[in-house]
Amino acid sequence: MSPANDRDANAFRLRLRAQPALRLDLAGFVPQALGGETPSGVARRALWHGNEQVPIGEFFDVEAMAADGPELVFEGDLSRCDGLGRGLDGGRIRVEGDVGDYVGSGMRAGEIVVTGSAGLLAACEMAGGRLEVGGDVGDYAASALPGDMDGMRGGLFIVRGKAGARFGDRMRRGTAVVFGDAGDFLASRLVAGTIAVAGAVGAHCGYGMRRGTLIFAGPQPEPPPTFVPTGHDVQVIWTLLARSLAVHGGPFAALAAARPRRFVGDLAADGKGEWLLPA
Amino acid sequence: MSAAAMLEINGVVIDDTFAEAFPMKATRLVITAHNATWANHAAVALTGFATSVIACGCEAGIERVLEPGETPDGRPGVAVLIFSMSGKDLAKQIERRVGQCVLTCPTTAVYTGLDGPPDADRTALGKNLRFFGDGWQISKVIDGRRYWRVPVMDGEFVAEETTPVVKAVGGGNLLILAHDTEAALGAAEAAVVAMRALPNVILPFPGGVVRSGSKIGSKYASLPASSNDAFCPALTPLAKRTELSAEVGCVMEIVIDGLTDGDVAAAMRVGMEAVVARGAAAGVRRISAGNYGGKLGPYLYRLHALLGKEGA
């Protein structure tokens, strides 16, 4: 890198040179922490690689780039890189490729866009901001970290592909939108929040769901015996929800015209959750 | 009387005086319902008995009817504005009026009609009314706004949790001095039609017009306000100080509350223009305004300036 290019910046492009031998922990490597840094300074930042700390320059080529605000752009297959955007509190991160586990976990503000797929526990305990995954997400997305009580608790989480099992487990606030299929135990133990799914769902959907809303924009699953229909007019809240989801386009674009059936449950867990079945 | 005081348009004299208004706190609510009829029922009830803060707790009125495409839930609606002297008074009035007049009205839902600045004070809308649900109420956060869904006998009552409270202006006014009742009413009605076409203002009195304009104080110690004797035709030959001449037999006042200084000024301007357009032939002699010598409120609306005739 020439000294002329090694200037202070608040946005950087990081190109992965080779797959790390072990998992690389990118937690804490967020745009706001790098404001005013130089590319060489960024490259000297230490990351955990397995159980040793190594400079990020060992794995990435770093260059400054022009941007409106704090931003990081990663290029390459980051599927062995975990914790990207963990605790993000502002700024933008873009991954042009796949990413590993825990992407966007605990993020509070800002935006993360992943063009590829994400590993396990994406958006777990996310509290704000916007996370979009262009591909699939693994199990336990939008859920809680092992041992914690609450899953995703705010913000907007968009999955363009498929979701793994236990999506939204213990989620309690925020909106999650899944364009593809969802695995087993979707919205299990859901405390609150909204999950909209355009694809098919696996077994035991809504298991132990306490409150919150599930919207099925595509195939309409058969509600389990612990969910019961309510016969009242829900057009007001439905219109508010449908108009909000319409901005995502695709199968969510025309929901407002539908008149959904509503089921409440899980009756084994207070029964204040709802399924909205518009077709 | 100076030349400026003799401003006359179409035979109607515009007094060289000013209306004096004062700061208030306000919010806009949007009420929707299954059809326009029920939205209107709720709005009329909510804005009832809200002519003056002197005894009503707030001043409120229907701002305009909303088409389905303009409301958050795609149903017919009505926008109402509510003004009080403080945020605390406003909060109390919102809770009482929405609770008794909107929650109770079939098929209605209620939302804030103001975006407000990010740091705006907010007051409860559905936040406390939700407890009517006795534990069955549920909330839904959509795009950062929290709505409460309260089970009721026709389905569920949806209410946005809070509404912004903004600084506003109350007490803008016009006095229409006419030869007789018919002429005064006709001019006032024409002014009301013109003023109600503007956004961000309400005319809180019945039909937008008040015939009992008041002055501050009274000979009776317990009364904070009393009849504005200077503008009462019955007292023209009797009162120590009268603003009327013998040819004035009826005076009507229009009070304007607006979200901003400019909104009140615009309403007063179109109101005066509507009156003078009818001309002296319609029986109107003068247009004046009520004030307290400029000592009470920070907002002063000079009639000549509003008509672009300052210094004429």
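**Close-up views of two interfaces**

**View 1. Polar contacts between chain B and chain A.** Eight residue pairs, both at pLDDT 80 or more, are in polar contact between chain B and chain A. A polar contact is a pair of N or O atoms within 3.5 Å; within protein, one must be able to donate a hydrogen and the other to accept it, and residues adjacent in sequence count only if both atoms are side-chain atoms. On chain B, the elements giving two or more residues to this side are strand 6 (109–112), strand 8 (138–142), strand 9 (145–152) and strand 10 (155–160). Strands are DSSP runs (E, at least two residues), numbered from the N terminus.

This is a predicted model: local features need pLDDT of at least 70, side-chain atom pairs count only at pLDDT 80 or more, and totals for chains, interfaces and linings use all residues. Residues are numbered from 1 along each chain as its sequence is written, chains are lettered from A in the order written, and side-chain values use heavy atoms, without hydrogens or water.

**View 2. The salt bridge between chain B and chain A.** The rule finds one across this interface. B:Arg149 pairs with A:Glu274, with the closest N and O atoms 2.6 Å apart. The rule asks for a side-chain nitrogen of Lys or Arg within 4 Å of a carboxyl oxygen of Asp or Glu.

**View 3. Domain 1 against domain 2 in chain A.** An automatic or database assignment sets the bounds: domain 1 is 1–75 and domain 2 is 77–228 + 265–274. Their centres, taken over C-alpha atoms, lie 28 Å apart. Two salt bridges link these domains. A:Arg23 forms a salt bridge with A:Asp101, the closest N and O atoms being 3.6 Å apart.

Key
Helices (H or I, at least four residues) and strands (E, at least two) are DSSP runs, numbered from the N terminus.
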